[in-house]
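Open the model in your viewer and keep the selection tool at hand. Each stop below says what to select next and what is there.

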Protein chains: 2
Amino acid sequence: MDELLKLRNDIDAIDAQIVELFEKRMAVSESVAAYKEKIGKDVLDSDREREKIGKVRELAHSEFNAQGVEALFNQLMTISRMRQYMLISGQSSEYSGFMPVSGMAVKAREGAAAEDVPFLRMPFDKGTKVVYSGVPGAYGHQAMLGYFGPEVDCFNVATFRECMDAIKHGDARYGVLPIENSSTGIITDVYDLMGVYDNYIVGEYVVRVSHALLACPGASMEDIKTVYSHPQGLLQCRSFLSGKNWQQISLNNTAAAAKKVRDEKDKTQAAVASEMAAGFYGLEVLASKINDLNNNSTRFIIIQNRREYLKEANQISICFELPHASGTLYNILSHFIFNGLNMNRIESRPIPGKKWQYRFFVDFDGCLSQRQVRNALTGIASETDNFRILGNYIHVE
Amino acid sequence: MDELLKLRNDIDAIDAQIVELFEKRMAVSESVAAYKEKIGKDVLDSDREREKIGKVRELAHSEFNAQGVEALFNQLMTISRMRQYMLISGQSSEYSGFMPVSGMAVKAREGAAAEDVPFLRMPFDKGTKVVYSGVPGAYGHQAMLGYFGPEVDCFNVATFRECMDAIKHGDARYGVLPIENSSTGIITDVYDLMGVYDNYIVGEYVVRVSHALLACPGASMEDIKTVYSHPQGLLQCRSFLSGKNWQQISLNNTAAAAKKVRDEKDKTQAAVASEMAAGFYGLEVLASKINDLNNNSTRFIIIQNRREYLKEANQISICFELPHASGTLYNILSHFIFNGLNMNRIESRPIPGKKWQYRFFVDFDGCLSQRQVRNALTGIASETDNFRILGNYIHVE
């Protein structure tokens with residue numbers, strides 16, 4: 001090990017010098033920022049950066065080292081830009097309209113619900129209008145009740161788009177939409193709508209999908225001959241249903257199945273739906289937790305049409321488009337890493353009308369009041385097309 | 001501008017010294033690689049890297065500089081690891097079983113098809129068995145014909161999974177599956193199956209979705225009262241259909257609509273389907289190119305159960321799982337960038353049974369015979385879980 005130790009000592013000595021030079025470079029960079037601010041020049045000077053990469057490559061003595069130096073200086077220049085944004089920001093920025101919700105009383109969770117983790121909510125009271133997409137008794141309704149409790153003035157719409165429109169036009173203060181299922185992945189239609197509507201995410205809520213077998217009051221397991229549900233509902237209860245010799249019929253959603261059983265008052269019929277649907281439609285629970293996998297959950301977002309966030313918000317969602325160029329995505333990601341921001345998700349979706357071009361959606365840890373977040377976003381906003389902050393809210397695991 | 005010029009000269013002087021130190025560090029790194037190889041030690045030593053980051057942070061004189069130095073040294077250590085992988089690789093690697101298709105006659109495109117760009121194919125002849133998912137006359141069939149021509153011995157299966165199984169069990173040499181639509185995005189079920197089957201992508205084919213109005217021979221536009229198609233088909237021809245006052249009925253796929261019109265021989269019925277379906281079902285084309293957007297295409301993959309690739313292959317697909325840790329994805333991406341590899345796509349999909357954990361799919365430019373590709377993959381394989389190369393093939397834009 002002595003040989004390795006000696007080599008590592010050599011490296012340590014080199015590294016101490018690199019750190020010294022790095023700090024010198026940052027000091028000069030600060031003077032550049034002051035100068036640029038004085039003459040109103042942009043922080044990002046792509047021509048100068050390209051020229052610099054060419055020069056340092058020429059100083060290297062092998063192709064490998066030229067590539068290494070290129071990567072290193074791309075990183076160095078990103079850091080310099082960060083420093084410059086940091087010094088210049090504060091006066092004005094892309095997202096200055098995005099203001100904290102000041103002086104609001106953050107409420108702990110109220111009302112009966114299926115989750116036992118208390119967390120913080122946006123302000124609402126008895127008269128607050130809330131819209132959710134889907135039918136009463138379905139999981140969207142359950143998410144609405146879980147987040148807002150039973151006291152708000154809620155209504156439902158059939159489609160995600162109608163929910164977006166209701167928020168846009170102010171027909172409701174808040175909207176509730178599914179964004180991801182832990183088994184099937186993201187709900188792409190909702191991503192696409194978030195990309196084009198000027199609505200903002202202000203909260204998240206996770207509903208654990210737990211199916212029950214529901215039937216008319218007085219019916220018993222022996223009476224059942226037919227079972228109704230959404231195709232996914234039937235699939236998720238395969239073990240329970242196998243060997244039952246019941247006819248399985250698919251409907252549009254689990255709540256519609258419960259409604260059908262209620263309406264037809266036939267003791268040979270059952271529905272696979274949530275226990276909440278049982279209460280809602282006056283049905284009896286013949287068996288609960290009948291789904292195969294016990295960790296299937298759906299994540300919902302709470303949206304509104306105003307740019308607000310809680311002081312305690314800990315996740316930011318943004319979207320942007322990128323030009324077709326090698327390394328562009330890497331440059332964007334470096335803004336997160338250098339600012340110490342943990343990226344939780346990256347998704348790409350086709351941009352309508354632009355063949356094989358994509359809009360990116362990134363979720364990362366942080367609050368818009370944090371300096372490092374503002375630095376990263378200033379950089380990303382200046383290096384992407386159609387950059388938008390989609391929201392800042394409390395993330396639920 | 002003199003002031004800026006002076007500052008930039010200062011930076012240039014600092015940078016020349018940084019390049020010099022970088023090259024010194026790489027030289028020592030080479031000795032470390034030789035030593036590690038001698039004693040059989042892994043290139044990646046996470047403890048040493050963490051310790052190094054701690055040390056260089058302490059050398060910095062501000063929190064900003066400590067963060068900057070951390071980012072810079074993460075990059076430097078990544079480059080050092082690259083150099084070490086490069087020196088050690090060649091003897092053995094994760095993907096040594098992935099061999100070029102040697103001495104094969106690469107054929108130019110044959111047969112009548114809808115594309116006019118000639119490109120290269122995997123070997124096949126009259127007796128080659130090919131399976132596609134979907135029904136005859138649908139776009140999957142069209143992709144199969146486009147890539148292989150009409151001479152191969154083809155059959156169809158109803159589901160993506162059956163197609164995967166047919167390839168896995170050797171019932172067919174090649175399989176054809178849709179992977180992405182330019183308007184609706186990726187086909188997630190096919191991604192998920194690629195993640196769990198040991199099948200390999202050996203080709204791509206893009207079918208331009210172009211709908212036509214098909215009817216029985218002898219029927220004219222004035223006869224039509226009802227039109228059948230897949231819901232997407234009807235939606236995509238909204239402009240053409242609006243004002244026609246025809247009843248619109250949705251079916252499972254566009255080819256089923258054509259088949260229904262053929263079977264029922266009713267001159268008041270029409271189908272929205274491909275022109276190929278017209279030929280296949282003996283129907284007449286009353287109107288062609290009736291879809292609103294003229295740039296809707298579907299990308300198909302060609303799969304087989306052997307690890308092979310063409311010498312001319314220019315895109316690699318991989319998948320891997322990542323531990324939940326800040327910066328991990330960034331480290332993975334740096335392998336691409338430093339090796340000069342352009343990333344075309346990154347997708348994440350939930351891992352079944354692991355709540356809110358994801359499998360990543362990355363497509364990037366390159367051929368497995370290239371040194372820089374082998375370097376990047378050696379690094380990524382050692383830093384991720386369940387790393388797999390999904391294929392190396394000719395990418396079609």
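**Stop 1: two phenylalanines**

Select Phe320(A) and Phe360(A): both are buried, meaning under 20% relative accessible area, with exposed meaning over 50% and partly exposed in between (1.4 Å probe, protein chains only). Before moving on, note that this is a predicted model, where local features need pLDDT of at least 70, side-chain atom pairs count only at pLDDT 80 or more, and totals for chains, interfaces and linings use all residues. Residues are numbered from 1 along each chain as its sequence is written, chains are lettered from A and ligands numbered from 1 in the order in which they are written, and side-chain values use heavy atoms, leaving out hydrogens and water.

**Stop 2: aromatic pairs**

Over all chains, the structure holds 16 aromatic pairs. Rings of Phe, Tyr and Trp (its six-membered ring) pair if their centres lie within 6.5 Å; planes under 30 degrees apart count as stacked, over 60 as edge-to-face and the rest as tilted.

Select Phe148(A) and Tyr174(A). This pair is tilted, at 5.2 Å centre to centre and 35° between the planes. Phe148(A) lies in helix H4 of chain A and Tyr174(A) in strand E4 (residues 174-181) of chain A, so the pair ties together parts that are 26 residues apart in sequence. Helices (H or I, at least four residues) and strands (E, at least two) are DSSP runs, numbered from the N terminus. Both Phe148(A) and Tyr174(A) are buried.

Go back to Phe320(A) and Phe360(A). Their rings are stacked: 5.9 Å centre to centre, 20° between the planes. The pair links distant parts of the chain, with Phe320(A) in strand E14 (residues 315-321) and Phe360(A) in strand E16 (residues 354-365) of chain A, 40 residues apart.

**Stop 3: charges over rings**

Select Arg299(A) with Trp356(B). The charged end of Arg299(A) sits over the ring, 4.2 Å from its centre. The test: NZ of Lys or CZ of Arg within 6 Å of the ring centre and within 35 degrees of the ring normal. In chain B, Arg121(B) lies over the face of Tyr147(B), at 4.6 Å from the ring centre.

**Stop 4: helix H9 of chain A**

Which residues of H9(A) are buried? In this helix (residues 254-264), they are Thr254(A), Ala255(A), Ala257(A), Ala258(A) and Val261(A). Look down the helix axis: the buried residues fall within an arc of 155°, so they line one face. The arc is that of the directions from the helix axis to the C-beta atoms.

At the N-terminal end, Asn253(A) is the cap, with a side-chain oxygen 3.2 Å from the backbone nitrogen of Ala255(A). Just after the helix, Lys265(A) takes a positive phi of about 45°.

**Stop 5: Phe336(A)**

Select Phe336(A). Leaving aside neighbours within four places in sequence, Phe336(A) is in contact (heavy atoms within 4.5 Å) with Ile318(A), Leu341(A), Met343(A), Val362(A), Phe364(A) and Ile380(A).

**Stop 6: chain B**

Select Ala278(B), in helix H10 (residues 275-281) of chain B. Ala278(B) counts as buried, at 4% relative accessibility.

Finish at Lys289(B), in the loop between strand E11 (284-287) and strand E12 (297-304) of chain B. Its phi is near 45°, a positive value in a residue other than glycine. Lys289(B) is exposed, with a relative accessible area of 61%.

Notes:
Polar contact = N/O pair within 3.5 Å; in protein donor to acceptor, adjacent residues only side chain to side chain.
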